[in-house]
Amino acid sequence: MARIDVKKTYKLYIGGEFPRSESGRTYVVNDAQGNLLANAAQASRKDARDAVVAARKAFGGWSSRTAYNRGQVVYRIAEVLEGRRDQFVAELRASEGVTAAKANTFVDAAIDRLVWYAGWADKITQVVSSANPVAGPFFNISAPEPTGVVAVVAPSGPLLGLVSVVAPAIVTGNTCVVIASEAHPLTAITLGEVMATSDLPGGVVNLLTGSAAEIAPWLASHMDVNGIDLTGVTDPDLATSLEVAAADNLKRVRRAPEAPVDWLATPGIDRLTDWLETKTVWHPIGV
Amino acid sequence: MVKVPEKATAFFEYAPAPESRSIVDIKASYGLFIDGEFVDGHGKSFKTINPATEEVLAEVAEADESDVDLAVKAARRAYTRVWGRMPGSERAKYLFRIARIIQERGRELAVLESIDNGKPIKESRDVDIPVVAAHFFYYAGWADKLEHAGLGTDPRPLGVAGQIIPWNFPLLMLAWKIAPALAAGNTVVLKPAETTPLTALLFAEICQQADLPPGVVNIVTGAGSTGQAIVAHPDVDKVAFTGSTDVGKAIARATAGTRKKVTLELGGKAANIVFDDAPIDQAVEGIVNGIFFNQGHVCCAGSRLLVQESIADEVMERLKRRMSTLRVGDPLDKNTDIGAINSAEQLAKIRELSDIGESEGGERWSPACDLPKNGFWFPPTVFTGVTQAHRIAREEIFGPVLSTLTFRTPAEAVEKANNTPFGLSAGVWTDKGSRILWMANQLRAGVVWANTFNKFDPTSPFGGYKESGYGREGGLPGLAAYLKGIH
């Protein structure tokens, strides 16, 4: 008799832990053929708020780490992901029904994307900062700082898309609350396991699974969230209402893309600069 | 505490030293500046007054939706046919020309600014107008160097920019908006504030003198509904606004779901933090400059004084003595330190919040000073015994009113300074270098002035964190705000 599999319970990833949704709800996630893969946790408003609390709590420590250290931690995520690449290839094939070759491409690209962004940690400041030649005896420099807590509606690409929106937010020192792809949530939680074992402090990335239409409005209107990334929002009406809600505390908004994104292409630095604030410091020069 | 003399200025009375207003020629009425010409609007008109005397200065057209539409169409035509395709080196020369004419007509602009706004002539003459010229000079030089701005090899303008500016630094805010927009190749429709339209209209005349192609700059005067028409216009690609946080939020909502690029420079409630090792006389000058510069009508004003407990009494004594020497009165007098409050409405708001400050338990103090009979005036005022819960410690007063709180440790100073939904600016006064840098790191604000305050320069990015808005003006980020680039 064949051995019976030990199936995984997919839960949320909040504050470095894997809780069930406080609502007790789950939803069915099927594979590409329509067979049951798992029951995923269906996050609620309360879960979203708990995740914001965790992200805020983590922000002080994470943003004050050295850029060198943040780069190493994100690089470590790439290392651990590389070690589990077969598992991710299998998951992508199951959930999206893609070929082995395609799944390999996406997993490789996701690992490489993490490495690419890891390297940015201690370079982006030099690229976007300036020494300002003011007309007077003053030392004057401008340098970027992280925006704070960023809510992210992740695109449907369950691994590469997710990594491509989360890595730039955290490598710059922000913490985030991510709503994973509703259709393909399981890979996100497995990626949470990778993060939990990669020296990434709890709360820096918080992953929610469930309905973006249900959860995103609570994050868009949350007064302790500083920015919101609408990349994964495909319904224009929802995108507009989220942007309207985000105005309550003037969150920085990255709008949903106008055209489909090619996640395999090398990104620009805009996803880094979206979550950075410029701070300018003046001091008189004199003896 | 040492008793402050009733009127310290009695030691040295000044003779009046008024700047002549004969240099300005204010017309009885003004139209809108659209497509290179002054035209009548389709809407009503409104009066702009001298806030120091309440004298009516001119009748100004109030642009309605159809006027805004004409202005946007003119801007679009100019963008498509002329400005957007003109070589940057040629655009640059127009901007250099404008900068030079501003310098040439600097005194005229300064006097007009003081008459329409109420600010002291020494500030409009020595700060506003020179910095206006500097902004045009700085961004002029960028126009033919955009490919070096770090936005890829071929950064493109956005198109038509709709710009709405406040009344506190009328021409300076115009410069912050128009100079980078034009340098990047955009055309603009700008609305000056309702109470201070005159220098913007004189600027329109300067554009004519500079032979700027018609439609590149359009000035539409008006109030809130004119601004709304600009923000809502479907052919506007970029909205830049400086003003209140409430209006900023309304703009963010109005542009939601569009592809308009938005930058907002909004309110503040800056902490000005004085440590016990600071050179106190310098710090007192910084406190005075922080809150009384421009009658406190400054979004980045140092309106919350956080002073270390051990020196609080001494700082307060010296501050009050210094405040007693401030001269409040005729904005055109070269010795005036504090001019008129810009409008009756703003004066009512300052009075209301100050009264609330008192009723909530703050201790209010102003030096004895004779305020003119006509016009809108408010004496320099300091509150002590203020806590973080008081409304005068939380809300932007936008007037010459300082709220004082104390702290014991640097951590407490940071906690209190950051305890606000705003994040525009902050000040730090201490002799210890490592502490300056630590404080500068901890403060969640877009501009940190250490051992100085209220300094502005076209090369230096300015703008806020949190509810003080987003985007930067000045420097490279100020240019990027008007460009599509490959980041």
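Begin with the largest cavity, whose volume is about 90 Å³; a cavity here is a set of points, on a 1 Å grid over the protein atoms alone, where a 1.4 Å probe fits but cannot get out, and a volume is the space filled by probe spheres set on the points, with grid points joined across faces, edges and corners. Select B:A417, B:T420, B:G423, B:S425 and B:R444, which are the closest to the centre of the largest cavity among the 16 residues that line it, lining residues being those with an atom within 4 Å of a point. Next colour α13 (410-418) and β17 (425-429) of chain B, the elements that give two or more residues to this lining; helices (H or I, at least four residues) and strands (E, at least two) are DSSP runs, numbered from the N terminus. The lining of the largest cavity divides into eight nonpolar, four polar and four charged residues, where Ala, Val, Leu, Ile, Met, Phe, Trp, Tyr, Cys and Pro count as nonpolar, Asp, Glu, Lys and Arg as charged, and the others, Gly among them, as polar. Over the whole structure, the search finds seven cavities of 30 Å³ or more.

The model is predicted, so local features need pLDDT of at least 70 and side-chain atom pairs count only at pLDDT 80 or more, whereas totals for chains, interfaces and linings use all residues. Residues are numbered from 1 along each chain as its sequence is written, chains are lettered from A and ligands numbered from 1 in the order in which they are written, and side-chain values use heavy atoms, with hydrogens and water left out.

Now show chain B as a whole, with its 15 helices and 20 strands, and its C-alpha atoms filling a box of roughly 70 × 50 × 35 Å along the principal axes.

Within chain A, select helix α4 (residues 100-120) and helix α6 (residues 160-171), whose axes come within 9 Å and cross at roughly 10°, axes being lines fitted to C-alpha atoms, for helices over the stretch in contact, and angles running from 0 to 180 degrees between N-to-C directions. That crossing makes α4(A) roughly parallel to α6(A), a description used for angles under 35 degrees, with those over 145 called roughly antiparallel, 65 to 115 roughly perpendicular and the rest oblique. Show side chains for the contact (heavy atoms within 4.5 Å), which includes A:F106, A:R113 and A:Y117 of α4(A) and A:L160, A:S164 and A:V171 of α6(A). The residues of this contact divide into 11 nonpolar, one polar and one charged.

Note on methods: On a 1 Å grid over the protein atoms alone, a cavity is a set of points where a 1.4 Å probe fits but cannot get out, and a pocket is an open set with protein on both sides within 12 Å along at least five of seven lines; lining residues have an atom within 4 Å of a point.
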